[in-house]
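Subject: Structure handover

Hello,

Here is the structure for you to take over. My notes on what was found follow below it.

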Amino acid sequence: MIGQVLVNGILLGGIYALVSLGLTLIFGVMRIINFAHGQFLMLAMYATYWLFQLYGMDPYVSILIVVPLMLVIGMGAYRMIIQPIIDASEMTHVFATLGLNLSLQGIALFLWQGDFRGIRTSYSSLVIHLGPLYINIPRLIIFLCAIAAILALFLFLKKTYTGKAIRASAQKRVAAQLMGVNLSKIYMIAFGIGIAIVGLTGAVLMPIYEVFPSVGSLFALVAFVVVVLGGLGNLGGALVGGIVIGVVESVSGVFIAPALKEGVYFIIFVIILLLRPTGIFGKAVIR
Amino acid sequence: MKRFYFLSFALILTILPFQAVAQDSVKIGCVLPYTGALAWQGQETFRGVQLAAEMQNKRGGVHGKKIVLVKGDSETLKTAVTETERLINMEGIKIFAGWYSSSRAKVATTVTEKYGAIACIVIAVADDITERGYKYVFQPQGRATLWGELSAEFVGKEAAPKLGKKPSDLKVAIAYEDSDFGTSISVAFARKAKEYQMNIVAQEPYSLSALDLSPVVLRIKQANPDVLALTPYVRDGILFLQQAKDAGLSPKVLICPGGPLANDVFGEKLGDDMNYMLVTTCASHDVRKEAFQPEAWQALQEFVERYTKEFKKPPTNDAYHGFQGAWTFFHYGLPRAKSLTPDDIEKSMRSLVLKPGENITTFGYQAAPMGHKNAGANLIGHPNVFQWQKGSIGHLVYPKEFAKSQLMLPMPAWGQRAMK
Amino acid sequence: MRENRSMAIRYILEEIRHPKAYLTLIAVGVLYIVVLSVKNPYWGDILTMTFLLGALSLSWNILGGYGGQFSLGHAGFFGIGAYTSTLLLIHYQISPWIGMLLGGGLAALIGGLIFYPCFRLKGIFFCLATLAFQEVVKIAAVHFRGLTGGAMGISIPFKAGLANMMFQGKTGYMLIALSFMIIIALVTLVMARSRFGYKLVALREDEDATETLGISTSRCKLLAAMISAFFAGCLGTFYAHYSTLVDPYSIFDMMLSVEFVIFAILGGVGTVLGPILGAFALVPIDALMRGYLGQGQQGVSFFAYGMLLTGVVIFLPQGILSWISSPLNRLMEALSGEKTRPEPRAGKIEPQAERAEKPSRSMQPTSILEIAGLDKSFGGLKVIQCLDFHVREGEIVGLIGPNGAGKTTCFNLITGFEEADAGRILFKGEDITGLKPPNRISKKGVARTFQIVKPLAGLTVTENILAGAAERAGSIHEARMKSRNIVDLLGLWEFRDIKASSLTLGGRKRLELAKALATEPTLLLLDEVMAGLNPTEVEQAIQLIKKISNRGITLLVIEHVMKAVMSLADRVVVIHHGQKICEGRPQDVIRDPGVIEAYLGKGYQYAEG
């Protein structure tokens, strides 16, 4: 059974990693902790739901629409809310994004009410067997998406001009500006990319989860834990952190008590914060 | 210009009288969670209550007055209290039906009792609602204890033989969401199961906001039970069943002693895999006509017809509950009262006795007298057990006198549950 | 002592005559009258919740607004208080009034234990930790069903009576809630005007600068956290008796924690009125909306809160209060016929008599500061190597050297902001090497200014200096007297009520000096005070420093402006690559070839200086 527990934990970790990726990217580049992160996830899930409901579009296909949509929404949110306060204190960021969080939830509640909605696909429960172990396909796909997204990001940051500009801005703002980098444009793009990744996450989560206005908060809370654990701004750290939390949750759920598993990782979270706030991998750098 | 103003002024004057609530009506407060996490359930319950009111109004209302439902939103505990108070103090309402969840019902009835207002708890199952010796609180449908106990009884008496086992041979696992709803029902189930000497091999509460229930599934799977008593809410129920399917957890009997598994959404999500699962609720669904008195049967049919016509689908579990509780109140309790004061209504509800079949429920009605541990509860309010068959939950299998369908057990493995 | 007390009484009497005070008393009186006249229980409920949430917001404000530590998990304390008193009542029949104090005490204890280590965390991390704290408490409350009744919670049987904190109508509840709110507001007010209050807001503005003033920032934060948690816990008991049911999902609600933070932000954090204003503005509207909007209400409510929060944070960061403060002030002035608050009269505590010259030095002047064999590396770079020098009592010693020589690092080592790899630092004969945190060194009598000045930006000049004086003064009045003297000494009287952030560079430098002086140091370290000043200002600064030295304070001065070094220093120490390369009288040192080479490079050694 321990094998299955680990497998479940790792797959769960993939979900957590994918959810956290955008959050850690945004922080790494512009030092903003986006308290509205979960709500963007919620929006992406609703978008996927409605595309399925109205046009019968398979969630994996809807990635093609949801990701660009969230990219645009992310950039828009940056322009309207983040940019005016980019140089303000951390607390200002926290509460401004918290306000955005509440507003988005309010809009969702008003439009779609509080009850949850789900989609049904033929492959939601598809499972492959490896010996005594079973692996749920949609969860595996999420895990692979997490890895793919990280690799894609790495390549993007290393190889493209925009990517390099983003890295430069992350490391030395003034110097980058002196080099001719349009800082606000770069930040806007980076923010947009972070939210676009959230878009991908929302789409691939729909086969196995229901959406309702406060679903974002559930995921976001874990995302914060993962991001701190892996090191803010550290992409690989998001993956490792996600897997660690997933495994911890799974193991403590089975061997301690299911009702306490969230409590376990919160306690770990506080311990990490106290002992090593820079996370497993240390300083925040966009590599 | 002037003429326009006068015209509109006159128009408004003519409309105004219609806005005023007619003198010949009685306001009844209906406090339910219309928003928030339980919004869907609250709205469905309201539909039931509303249809009961409309149907009774068609039959002449109560004491010649039309029933007018006034809504209050019990989204959270705090608002349940505030809204109840608002209706009592701002709208002068002394008759209530509603609240939905047990904790909301509990705190709100503290308020109604303080003001001496009549509270008919349309659906809310916790025992301790009626354990406070309140005079004006009535609970026409079953209590958690009864739901949990009856489910265990059902497993022992009906399910066990189908598996060819004695109750004491059965291995039983219990899983539930850890709020008051799941806990109270499961605790009662466990108690009764022990009386039948069943072996409880796992008892797993979990947080209903969990993103992953596979630990619960794995722990239960390891205990290898014959019977699983699962009391989730809807969302976590779906997640649990899907992950149970992934893991291949397939007990021979799966029963939900609490009701949520009767939601159509499960059928939509899991299709034929829902077949063979059992759910305990009070709804009078799929019942034998012969077991009812004609008048009650007619009322039941009318409800189903109206609901189906207006909402384009068969009534949901919650709608049934709302209707049943309200109908007992609007059709039997209120008209029999000497007047519409709380005291007279109380006397009426206290003395009302309905045998099974006389009411639209499969159980009758008999209020526990003052001094009883659960004063105001329905002493004979027991729930029914339904089974998912052919992709629909509407198959009553117990009590047998009311049942049209046959109980089918044991439950096959996942993917093999299609029924012709 | 007697003088202090009579001064205090006079002070209070003067304060009460001020419009701010009597208007407040009138407002409070009006509130009580309103409470007693409200008969409709619906309104009674709204008012009770308004007062309760206002009180909660005020409690949070002590740690969050004044202390700058934004906790998002304060509902945790609320719940701990509620559960504690309820369990004590149910199991041991302990009166809720006593249970309330015990619950508050437990909340304070837990708050102290858990928040204290978390104070190390900066900003956002602290927020996240408090969030996690609340979640863990909630999960625990749900899981340990035997103790807490689990998800079903604990009911308190209704029994009317003051002893049981339960009432038939709403009036009793309203009175208690209002009184709580007033009490906490009063406590906040008293705290804000006390030495502790000034220390607290100082550390909110700049922790390092505050450490330099000899103030233990961690102890202040701890005290603020415990007071804040205590009140939140007490309010929990009230709520338990108001709602008759304590259950984890309602009471450890994240939205609740955020709600009363929003009130404080909306009204104005760090003020007494702010949280009250915020609560009064939002709570009734929210309740009314719920009653009459029905279906879409929750969405609208969330949306409105969200927009308000974002809007306030971006456009009106000081909250509504800042908006209405100028018209309010004008009203005050009109009513009282005088501008701003009455100043404390000059008291009996005399400034040290000015001396025309330096006091003659004793034969064997003692060494105030001794540096021996100091080493410090950052990564692979050795910034200080084997540094030795000393400073004698009453001297002005100039510390000069080219950029990057290690001068500021040297200061950081002395004052405890960095830790030396090797070597010793002795202050007044006592080994202070490696002493942490910095406030411990500052308390011993070492003050410093920073190269990049660190004013406590959000505070006025007077408040800045008060923070400096707060640690040593025996009472707030003594602190005010001392601040007044410093303000006069440094010519800051006309700026006394201006926010530090509005000062020019020259003004800020003077303020930096003033703050340092307020701590009554024995040794004062000045880090490039002259940088950025024009020639007039330089001359003023030189005179100022001479005045300071005449008071008997020993000075160690890092400077690049040679004019200042020449006119001030008794002795000069030259550092290059972290080592002392020369020492002596100013006129001798600047002619030293080694020194010239260090500054200008080879080839200039023989240029005439």
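**Helix H9 of chain A**

Of the 16 residues of H9(A), 14 are buried, so this helix is largely enclosed by the rest of the structure. A residue is called buried if 20 or more other C-beta atoms lie within 10 Å of its own, exposed if 12 or fewer, and partly exposed in between, with C-beta atoms placed from the backbone. Helices (H or I, at least four residues) and strands (E, at least two) are DSSP runs, numbered from the N terminus.

This is a predicted model, in which local features need pLDDT of at least 70 and side-chain atom pairs count only at pLDDT 80 or more, while totals for chains, interfaces and linings use all residues. Residues are numbered from 1 along each chain as its sequence is written, and chains are lettered from A and ligands numbered from 1 in the order in which they are written.

H9(A) covers residues 215-230, and at 1.5 Å a residue its 16 residues should span 22 Å; the end C-alpha atoms are 23 Å apart, which agrees. The expected span is 1.5 Å times one less than the number of residues. Gly231(A) follows H9(A) and has a positive phi, near 100 degrees.

**A sheet in chain C**

Chain C has an open sheet of four strands in the order E4-E3-E6-E7, with antiparallel pairing. Strands E4 (381-392) and E7 (430-431) of chain C are at the edges with a single partner strand each, so one side of each has no neighbour in the sheet. Two strands pair if DSSP finds at least two bridges between them. E3 (residues 367-378) and E6 (residues 422-427) of chain C pair in the antiparallel sense over five bridges, and Glu370(C) stands opposite Leu426(C) in E6(C).

Helix H17 (residues 407-415) of chain C packs on this sheet and touches E3, E4 and E6 of chain C; its direction makes about 65 degrees with that of E4(C). Axes are lines fitted to C-alpha atoms, for helices over the stretch in contact, and angles run from 0 to 180 degrees between N-to-C directions.

**Contacts between chains**

Two residues are in contact if their C-beta atoms, placed from the backbone, lie within 7 Å. On that basis, 35 residues of chain C are in contact with 34 residues of chain A. H6(C) gives the largest share of the chain C side, 14 residues. That side divides into 26 nonpolar, eight polar and one charged residue. Ala, Val, Leu, Ile, Met, Phe, Trp, Tyr, Cys and Pro count as nonpolar, Asp, Glu, Lys and Arg as charged, and the others, Gly among them, as polar.

Chain B has 26 residues in contact with 24 residues of chain C. On the chain B side, the largest share, ten residues, comes from H3(B). By class, that side has five nonpolar, eleven polar and ten charged residues.

**Domains**

Domain bounds come from an automatic or database domain assignment. Chain B is divided into domain 1 (23-142 + 288-382) and domain 2 (145-281 + 384-402), whose centres, taken over C-alpha atoms, are separated by 28 Å. In chain B, 14 residues of domain 1 are in contact with 17 residues of domain 2.

For chain C, the assignment gives domain 1 (42-254) and domain 2 (367-600), with C-alpha centres 42 Å apart. In chain C, 19 residues of domain 1 are in contact with 25 residues of domain 2. H9(C) supplies the largest share of the domain 1 side, six residues.

Regards
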